[in-house]
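Please look through the sequence and the structure shown below before reading on.

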Amino acid sequence: MPVRKAASRLTSAFAAAGLAAALLLAPSTASADAGFQNWVRSFRSSAMQSGISGTTFDRAFRNVKDIDPEVLEKARYQPEFTAPVWDYFDNRVQEHSIAVGRQMARQWKPWLDRIEAKYGVDRYILLAIWSMESNYGEILKNDKVMRNVVRSLATLAYADKRRAKFARTQLIAALKILQSGDIDESHLTGSWAGAMGHTQFIPTSYQAYAVDVDGNGKRDIWNSVPDALATAANLLRKNGWQAGKTWGYEVNLPAGKLPGGSLSLSKWQSLGVTRASGKPFKRGSDSATLKVPDGRRGPAFLATKNFFVLKRYNNADKYALAVGLLADEIAGYGGLVQDWSRPFTKLSFAEKQELQKRLSTHGYYDGKLDGKIGEGSRNAIKAFQAQAGLTQDGHPSMEVLSKLRGQ
């Protein structure tokens with residue numbers, strides 16, 4: 001009989017706790033179904049007042065009979081682990097995402113040429129967003145992740161007080177998407193929170209920015225890669241993307257304190273800030289803001305206007321920086337000069353897959369061998385470290401892999 005997997009026990013315990021919370025905080029069983037159906041009937045009137053036809057509403061809710069408990073579990077379960085900066089970037093800017101991005105650049109070149117010419121947004125930025133949002137569309141094939149958008153949003157609107165207002169607004173927008181004919185109800189899928197398609201747009205953002213660039217009469221970000229990439233480009237352009245300009249630069253910092261806020265690149269240079277590549281800044285008059293996400297021990301960046309436009313997609317410095325760095329790598333500009341400050345020896349993407357495989361072989365891990373170190377991988381590493389008498393830090397290190405290779 002195989003050894004029971006330690007990491008699975010930890011993950012199962014967390015999942016059970018999250019599900020228990022969901023069941024305690026939301027209506028349940030038969031009463032939940034009755035209560036939910038009453039809510040749906042009430043919401044139908046609100047939807048019709050917002051311009052949704054009765055036919056569209058009934059079609060959308062035809063197979064939505066109850067709430068989705070997994071949506072509530074995901075909404076309420078907040079992992080305790082806070083990823084250090086290097087962990088965030090290691091999982092997103094790595095050999096596999098770069099290689100696939102370059103492959104996609106070749107595969108979709110004619111469309112990228114057209115989209116770049118029309119919207120003025122760099123193709124490599126769009127490819128990086130595609131990677132970050134859906135792993136170049138791979139996530140859309142995962143039935144465990146993709147869900148019925150109407151059911152998900154109705155669940156949140158009915159049973160999650162914190163997100164009810166957001167969910168109602170997004171649900172009305174989703175119904176308008178159905179009513180427009182861009183997609184039918186059986187293909188209106190998204191994440192638990194309603195993010196949709198290759199480039200993960202919530203329904204209101206879809207309404208604001210979705211475009212039909214392939215000319216088939218439908219703004220289809222689920223099945224048309226050109227539509228999805230053009231929709232992302234349209235969002236960036238409408239939020240002030242500056243064509244022909246970069247998102248920022250990796251820089252070297254002088255000793256001593258530097259001012260905060262936005263200064264011209266020429267001013268930063270006069271203060272002793274230089275490009276890490278050794279090249280000059282292209283436009284000295286452009287304004288930039290200093291970003292040091294890993295402190296002075298790690299890489300530093302001067303973020304220009306386009307960096308802040310990227311934050312309109314996801315309002316996090318780490319997200320915008322990851323998009324910029326991945327885009328530069330896909331384009332062939334090279335990676336960081338100063339790497340992130342890690343308390344261990346970094347593994348390559350292939351070595352991370354090997355680490356996961358060896359942990360699985362020894363009964364510690366039962367997840368995907370995808371080279372991405374998430375909670376399941378970290379719990380498995382900790383379980384192995386405990387057995388091997390190592391510090392239980394959960395880091396995907398060469399030290400751990402070497403120990404596993406010796407067993």
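Asn135 is found in the loop between helix H8 (123–134) and strand S1 (147–148), where helices (H or I, at least four residues) and strands (E, at least two) are DSSP runs numbered from the N terminus. The model is a predicted one, in which local features need pLDDT of at least 70 and side-chain atom pairs count only at pLDDT 80 or more, while totals for chains, interfaces and linings use all residues. Residues are numbered from 1 along each chain as its sequence is written, and side-chain values use heavy atoms, with hydrogens and water left out.

Most residues other than glycine have a negative phi. Asn135, although not a glycine, has a positive phi of about 55 degrees, and Tyr136, which has its place in the loop between H8 and S1, has a positive phi near 55 degrees. Asn135 counts as partly exposed because its relative accessibility is 26%, whereas Tyr136 counts as buried at 5%; buried means under 20% relative accessible area, exposed over 50%, and partly exposed in between (1.4 Å probe, protein chains only).

## Salt bridges

A search of the whole structure finds 21 salt bridges, each defined as a side-chain nitrogen of Lys or Arg within 4 Å of a carboxyl oxygen of Asp or Glu. In one of them the side chains of Asp66 and Arg151 meet at 2.9 Å, N to O. This pair links distant parts of the chain, 85 residues apart, with Asp66 in the loop between helix H3 (54–60) and helix H4 (69–76) and Arg151 in helix H9 (residues 149–159). Asp66 is partly exposed at 29% relative accessibility, and Arg151 is partly exposed at 23%.

The side chains of Asp87 and Arg378 also meet in a salt bridge, at 3.7 Å from N to O. Asp87 lies in helix H5 (residues 85–90) and Arg378 in helix H17 (residues 375–388), so this pair ties together parts that are 291 residues apart in sequence. Asp87 is buried at 6% relative accessibility, and Arg378 is buried at 11%. Arg163 forms a salt bridge with Asp160, with the closest N and O atoms 2.8 Å apart, and both of these residues, Arg163 and Asp160, are buried. Lys109, Asp113, Glu116 and Arg123 are linked in a network of salt bridges.

## Aromatic pairs

A pair of aromatic rings is described by the distance of the centres and the angle of the planes. The search of the whole structure finds 18 aromatic pairs, where rings of Phe, Tyr and Trp (its six-membered ring) pair if their centres lie within 6.5 Å, and planes under 30 degrees apart count as stacked, over 60 as edge-to-face and the rest as tilted. The rings of Phe307 and Phe308 have their centres 5.2 Å apart and their planes at 80 degrees, so this pair is edge-to-face. Phe307 is buried at 2% relative accessibility, whereas Phe308 is partly exposed at 33%.

Tyr313 and Tyr319 form a stacked pair, with 6.3 Å from centre to centre and 20 degrees between the planes. Tyr313 is buried, with a relative accessible area of 14%, and Tyr319 is buried at 3%. Elsewhere, Phe36, Trp39, Phe43, Phe57, Phe61 and Tyr158 form one aromatic cluster.
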